[in-house]
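Please work through the following exercises with the sequence and the structure open beside you.

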Amino acid sequence: MYLSKLIGRTVKETPRDAELVSHRFLLRGGFVRQYSAGVYGLLPLAQKSIAKIEAICREEMNRVEGQEVKMPCLATKELWAESGRYSAIGKDMFRLNDRNDKPMVLCMTHEEPVVYFARTELTSYRQLPAMMYQIQTKFRDEPRPRGGLIRLREFTMKDAYSFHTSEEDLQNYYWQVHEAYMRFFKRTGCNNFVSVLSDNGMFGGKFSHEFMMLVPSGEDTLITCSSCDYKANQEIATSPYTHTTDAEKALEEVHTPNVKTIDELTKFLGITAANTCKAVMFQTREQELVVAFVRGDLDVVEQKLKVLLQKEVFPAKNEVIMAAQAVAGSTGPIGLDLSKCWIVLDKTISAGTNFATGANKDGYHVKNFNLNRDLMSGLSDWQKKKVLNGDIAKARAGDPCPQCAKPLQETRGIEIGNIFHLGTRYSQSMSCTYLDQEGNAQNHTMGCYGIGITRLLPAIMEESHDDRGPVFPITIAPFEVHMCVLNKKEGDTEGTANEIYNSLRKNGIDVIMDDRDEKPGSQFADADLMGVPLRVIVSPRNLKEGKVEFKYRDGRTQAQTLPVNEVVSFVTAAVKAEYARYSLD
RNA sequence: CGGGGAUUAGCGCAGUUGGUAGCGCGCUUGUUUCGGGAGCAAGAGGUCACGCGUUCGAGUCGCGUAUCCCCGACCA
């Protein structure tokens, strides 16, 4: 490819709206252009790079017996209503009507379409296990797209779905895919990534893992242990915490004028936040109040709350708070109207004693609240059903590890892939069955596996760049070799460069040659922005000695000069060696 | 959905008390340069986001709308 013909120009100035390095370099290097919020077009550089990512992905999916399919992005309301998700998913799904006013959706993932396939194609135990995957556009009307290609409303995802006759078979296969993912990420040049336990969302099965690229700019917070192998997304990370238990003291109401926050309460009473029981108020879509109680020094993880309740929750509106007899600023577990609200108690509250908490009376708090004595014992059966116990607290750096009790750590990460145990969640709701050996209809046990293809490019740029531009692994670089031709009109520089270029291409090397009559500085700057790992510089200066220059984009060695007649074989071998660095076979 | 910011040439920006729009980069042509984003000369390029108002006159003032970005909320 001649650089003069490449579509997509580089720009010197940093685009105003780009904050992340990957976003800046994608725009400056002419990889992508924005169309609207969360909607980007890929120019040739990005398209080539992503095509290479997809090819590696196919190899790894095929290796675990996946079969590539393509399902439609456009689906009817009916299909999505079958699983219950048409109504369960809110505004994140793009919805539209066809010409006859029939409601349709743009798929944000493809469980429903794949079950549609499976219902007619996978009807016998003899066909199982089976896995279908596709590399397809997904549409999600994200509340806030951001970070260039990191969080998009339209993006490419590799999604895979496996079908099994048993839980054991699924779990066995789940770990095969886990291994395939590790291979895929290593082959695409990801360095610093881990798989962590993650939340299954409201509709998942029993467990799931997220693959996380560990970079400071990541959107997710991970809780890890440096002493053992515990790693989890903060959404589900847990800790036994440290707590003390005193003998129960008498419940006591205290007049606390103008005390609204935990901070004010601890100062007023001269106690620590860990001795308080904090109320955090949410509400459901049905306008029921959800009061979550957690130890005062901890925070509530909304995701955990949702899973426990099996309902979506939102910040509570005032009317809803008042209706349940809760008093903002003095909310406590005692005296709430359980016909209008849920109480969710974190395990730190049931484990501890003598908490200070709100009295549900303006200007009053209570001291020495003890859960069983002061709340549970006075409840009738129906009221007890509105009180849930569980783990809703946020684990933080420094809290003890749930496995080894050593202090936990926090890191940031970008989610680049996930694998989910789905079980029969979709096969049941959508009546998807096969006949087993005895001729009985059984629901398929399913797993699903995603990789954010479009996101992987910026994720790799986040961890692999310098201040001049990205440093791509050859396996996903838009080209393998970048030739700079300096002062091409001097002597036979241009002719020699063309000979090298043609010979490299004959050897199957994907090379881009800067054939423009640009100053050396411009050529180098543009080459740096394109991030191609190997570089050949042809110039009259070295040609006088019969040499050309070779260097690595990552600067791992000093630039070296090579005799002209050896360049082609040298570079060809270097390309091969470069691929070998990422090969696992 | 809350809070903040922005919108003027392809990109980055300036534009004073209201007087009919400019700079840098990029682009075109010529010329001299040539190892880390060159110099000179000559060009092309604008519905100042949109709408309504105030005014003799609006990029500038007022009201409204749209779009984009950031923080938070949210993120099958």
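**Exercise 1. The surface near the RNA**

Task: Determine how the residues of the surface near RNA strand B divide into nonpolar, polar and charged, and find which element supplies the largest share of that surface.

Solution: In this predicted model, the residues of the surface near RNA strand B divide into 18 nonpolar, twelve polar and 19 charged. Next, take the residues themselves: 49 of them surround RNA strand B, and the closest are Pro-143, Arg-144, Pro-520, Gly-521 and Ser-539. Then turn to the secondary structure, where helix H8 (302-309), strand E21 (408-423), helix H16 (520-530) and helix H17 (540-543) each supply at least two residues of this surface. The largest share, eight residues, comes from H16.

**Exercise 2. Helix H2 and its crossing with H14**

Solution: As to handedness, H2 passes H14 in a right-handed crossing.

**Exercise 3. Helix H2 against H6**

Task: Decide whether H2 and helix H6 (residues 167-187) are roughly parallel or roughly antiparallel to each other, and describe their contact by class.

Solution: H2 and H6 pack at an angle of about 160°, with their axes 10 Å apart. Since angles over 145 degrees count as roughly antiparallel, H2 and H6 are roughly antiparallel to each other. Here, too, H2 passes its partner H6 in a right-handed crossing. The contact brings Ile-56, Cys-57, Glu-60, Met-61 and Arg-63 of H2 to Ala-180, Arg-183, Phe-184 and Arg-187 of H6. By class, the contact of H2 with H6 has five nonpolar, no polar and four charged residues.

**Exercise 4. Helix H1 against H14**

Task: Work out how helix H1 (residues 21-28) is placed relative to H14, and which residues meet there.

Solution: The axes of H1 and H14 come within 8 Å and cross at roughly 110°, and H1 and H14 are therefore roughly perpendicular to each other. Their crossing is right-handed. Val-21, Ser-22, His-23, Phe-25 and Leu-26 in H1 meet Pro-458, Met-461 and Glu-462 in H14, and these contact residues divide into five nonpolar, two polar and one charged.

**Exercise 5. Two open sheets**

Task: Give the strand order of the sheet that contains E13 and of the sheet that contains E14, and identify the edge strands of each.

Solution: In the three-stranded open sheet the order is E13-E19-E18, with antiparallel pairing. Its edge strands are strand E13 (252-255) and strand E18 (355-361), each of which pairs on one side only. To follow one pairing, note that four bridges join E13 to strand E19 (residues 364-369), and that Glu-253 stands opposite Val-366 in E19.

The open sheet of five strands has the order E16-E14-E15-E17-E20, and its pairing is mixed. Strand E16 (313-315) and strand E20 (387-390) each have a single partner strand, so one side of each is left without a neighbour in the sheet. Within this sheet, strand E15 (residues 289-295) and strand E17 (residues 341-346) pair in the parallel sense over five bridges, and the bridge partner of Phe-293 in E17 is Leu-345.

**Exercise 6. Two backbone details**

Task: Find where Pro-129 and Glu-65 lie, and state what sets the backbone apart at each of them.

Solution: For background, most residues other than glycine have a negative phi, and most peptide bonds are trans. The peptide bond from Leu-128 to Pro-129, however, is cis, with omega near 0°, and Pro-129 is found in the loop between helix H5 (111-121) and strand E7 (130-139). Glu-65 has a positive phi of about 65° although it is not a glycine, and this residue lies in the loop between H2 and strand E3 (66-68).

Terms used: Residues numbered from 1 in each chain as written. Chains lettered and ligands numbered in written order. Predicted model: local features only at pLDDT ≥ 70, side-chain atom pairs only at ≥ 80, totals over all residues. Left-handed = near helix turned anticlockwise from the far one by under 90°. Near = placed C-beta within 6 Å. Nonpolar A, V, L, I, M, F, W, Y, C, P; charged D, E, K, R; others polar. Pairing = 2+ DSSP bridges. Axes fitted to C-alpha atoms, helices over the stretch in contact; angles between N-to-C directions. Parallel < 35°, antiparallel > 145°, perpendicular 65-115°, else oblique. Contact = placed C-beta atoms within 7 Å.
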